[in-house]
Amino acid sequence: MKSYQDWFNGADYHRGSEQKVEIESMMITKEGKLQQHERVEMYYVQEGSGEIEINGKTYSLSPGSFLCLYIHHFYRFKRIETPLHVIRVRFYLGLFMFMGFEQHKGDENEQLVYHTQPVQTLEKEEQVWVMQLMNQLLCETKEQRFCSENIIIYLTMQLHSLYCRFAFERRQMQEDAWDVWKVIVKILLETGDRTSLRDYAALLQLNERTLNQQIKKTCGYTFLQLQTISKISTACSLLHFPDLNLGYISDYLGFNNVQDFYRVFQRVMHQTPRTFQQQQICDQKIRFAREKLIACMQYLYLHIQEPLQIETAASALGMKAATLKQLIQQYYHCTFHQMVKMLKIKLAAALLCADSRSVTEVAAALGYGSLVTFQRQFKEIMGQTPTEYRLEK
C-alpha cells in the first residue's frame with residue numbers, strides 16, 4: 001500500500017504551552033502564603049477539613065468542596081484542621097476563549113463573575129459527577145495514551161462548565177457593599193474603559209493615597225500595578241485571535257499607542273506580543289495555512305462528485321490558485337489532484353464497507369466517469385482492487 005503524508009488531520013492547527021492543562025493530586029498540610037496566579041485553578045477536596053481565604057473572605061473546606069479561582073482571586077489556605085487531600089486542575093482561560101463559549105442571555109456572564117461564590121459545596125450526586133471527571137483526568141495524565149491531550153482538554157472544559165452551572169444556580173443576587181477587595185476584583189476584571197483611582201476612592205469615601213496604600217497592603221500590588229496585570233492578562237487572551245491586530249488590542253486596553261503596549265507587554269511577559277503568539281500559541285503563518293487547508297478539505301468534501309480544479313477551489317476560498325498550490329505542497333507534500341484522488345479513494349473504501357452498493361455505483365457516486373480509472377486508482381492507493389478490499393473487510 002502506498003504511503004501518503006497524513007494530510008487529513010489538523011493536529012498542528014493549535015499548538016503551544018497555553019494548550020497545556022495540569023492535573024495533580026496533592027496534600028495540603030499547612031497554611032500558605034497569599035497566591036496571585038495567571039491561570040484558572042480548580043480544586044476538588046476529597047478528604048480533610050480546613051479553611052481558605054479568598055479576597056479577604058474565609059470559606060470552610062470539607063469533602064465535596066469544589067473551587068474555581070480566576071485571576072482576580074487572591075487566595076491562601078489557612079487553619080488546616082486535618083490534611084486536605086485535593087485534586088488541582090490548572091489551565092489558561094485563553095485556550096477556552098479561543099475554542100468558544102456557549103452564549104448566555106442578558107447579564108448572566110456578569111452574574112457568574114460578580115454574584116457567585118468561588119467555593120461550592122456539592123451535593124452527593126454532584127460529587128460523583130465531578131469525581132468521575134477528576135479520576136478520568138488523572139488517568140489520562142498518567143497513561144498518556146493516544147489522543148490524551150485532546151481528551152484532557154475536553155474533560156477540563158466539561159469540568160469548568162459544571163462548576164459554572166453549579167455556581168450560577170447557587171448565585172447570590174444581593175449587591176455586596178463596596179470594600180477594598182471589591183475594588184481589587186473590579187480593577188482586574190475591567191477591560192475597555194477603566195475606572196480611575198479617584199472614582200474608586202470616592203465610592204469608599206477615602207482619599208486616593210489612602211486607598212492605594214490599602215490596596216497595596218491587601219494584595220501586594222498598587223492600583224497601577226493591578227491595572228497593568230489586568231491589561232496584559234486580557235491581551236494574552238486576545239492574542240489567541242489572529243484576526244485582531246495589535247493596534248486594535250492596544251486601543252481596546254487603553255494604551256497610548258502600539259509602542260507603549262509593546263513596551264509594557266515586554267516588561268511584564270519578558271517577550272514581545274508577536275513572540276508570545278508564536279511561542280505560546282502558534283505561528284501565525286502556520287495558523288493561516290491550517291485554516292485555509294481545513295477550509296479546502298471542507299470544500300472538497302462538499303463538491304466531491306464534481307470535476308474539481310484548483311482554480312475553482314482557490315476562488316471559493318478567496319485566495320489565488322498559486323497560493324493554495326504552494327500550501328498543499330508545503331504541508332501535505334502532494335499536488336492538488338493527488339489530494340483529490342486520495343480523498344475520493346478513502347471515501348470509496350468507507351462506502352464499500354458501509355453499504356451494499358456495487359463498485360460501479362460507488363465510482364459514480366464519487367464522480368468517476370470511468371470504472372477502469374477508479375479501479376486503477378483504488379489499487380494504486382489501497383493495494384488491492386475494490387472487490388478484493390470489500391471481501392477482506
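**Note on cores, rings and salt bridges**

1. Start with R90. At 18% relative accessibility, R90 counts as buried. The cut-off for buried is under 20% relative accessible area. The model is predicted, so every value below is computed from it.

2. What does R90 pair with? The side chains of R90 and E22 meet in a salt bridge, with 2.7 Å from N to O. E22 counts as partly exposed, at 27% relative accessibility.

3. E24 forms a salt bridge with R88, and the closest N and O atoms are 2.3 Å apart. Here too the pair links distant parts of the chain, with E24 in strand β1 and R88 in strand β5, 64 residues apart. E24 is partly exposed, with a relative accessible area of 33%. R88 is buried, with a relative accessible area of 12%.

4. Now the helical bridge. R198 and E208 meet through their side chains in a salt bridge of 3.2 Å, N to O. R198 lies in helix α6 and E208 in helix α7 (residues 208-219), so the bridge links parts of the chain 10 residues apart. R198 counts as exposed, at 58% relative accessibility. E208 is partly exposed, with a relative accessible area of 33%. Elsewhere, salt bridges that share partners join E22, R39, E41 and R90 into one network. The structure holds 14 salt bridges. Side chains of opposite charge can pair when their charged atoms come close.

5. Next, the rings. A search of the whole structure finds 16 aromatic pairs. One of these pairs is Y200 with F223, edge-to-face, at 6.2 Å centre to centre and 65 degrees between the planes. Y200 lies in helix α6 (residues 197-204) and F223 in helix α8 (residues 223-238), so the pair ties together parts that are 23 residues apart in sequence. Y200 counts as buried because its relative accessibility is 1%. F223 is buried as well, at 5% relative accessibility.

6. Another edge-to-face pair is F261 with F265, at 5.8 Å centre to centre and 70 degrees between the planes. F261 and F265 both lie in helix α10 (residues 258-269), 4 residues apart, about one turn of the helix. An α-helix has 3.6 residues a turn, so residues three or four places apart point the same way. F261 is buried, and F265 is too. Together with F255 and F276, these two residues form one aromatic cluster.

7. Two lysines are placed over rings. The charged end of K182 sits over the ring of W178, 4.6 Å from its centre. K344 lies over the face of Y368, 5.2 Å from the ring centre.

8. Which residues of α3 are buried? They are E126, V130, M131, L133, M134, L137 and E140. The buried residues of α3 pack against strands β1 (22-28), β2 (40-54), β4 (65-69) and β5 (75-91), and against helix α4 (148-169). Q144 follows α3, with a positive phi near 50 degrees.

9. Last, the nonpolar cores. The largest holds 38 residues, of which L300, L324, F336, M339, F374 and F378 touch the most other members. Helices α12 (284-302), α13 (310-316), α14 (321-332), α15 (336-354), α16 (359-365) and α17 (371-382) each supply at least two residues of this core. The largest share, 9 residues, comes from α15. L300 touches L308, F336, M339, V340 and L343, leaving aside residues up to four places away in sequence. Apart from this core lies another, of 28 residues, including V40, V89, V130 and L162. V130 is also one of the buried residues of α3.

How values were computed
Residues are numbered from 1 along each chain as its sequence is written. This is a predicted model: local features need pLDDT of at least 70, side-chain atom pairs count only at pLDDT 80 or more; totals for chains, interfaces and linings use all residues. Side-chain values use heavy atoms; hydrogens and water are left out. Rings of Phe, Tyr and Trp (its six-membered ring) pair if their centres lie within 6.5 Å; planes under 30 degrees apart count as stacked, over 60 as edge-to-face and the rest as tilted. Buried means under 20% relative accessible area, exposed over 50%, partly exposed in between (1.4 Å probe, protein chains only). A charge sits over a ring if NZ of Lys or CZ of Arg is within 6 Å of the ring centre and within 35 degrees of the ring normal. Contact means heavy atoms within 4.5 Å. A nonpolar core is a set of buried Ala, Val, Leu, Ile, Met, Phe, Trp, Tyr and Cys residues joined through side-chain atoms within 4.5 Å. A salt bridge is a side-chain nitrogen of Lys or Arg within 4 Å of a carboxyl oxygen of Asp or Glu.
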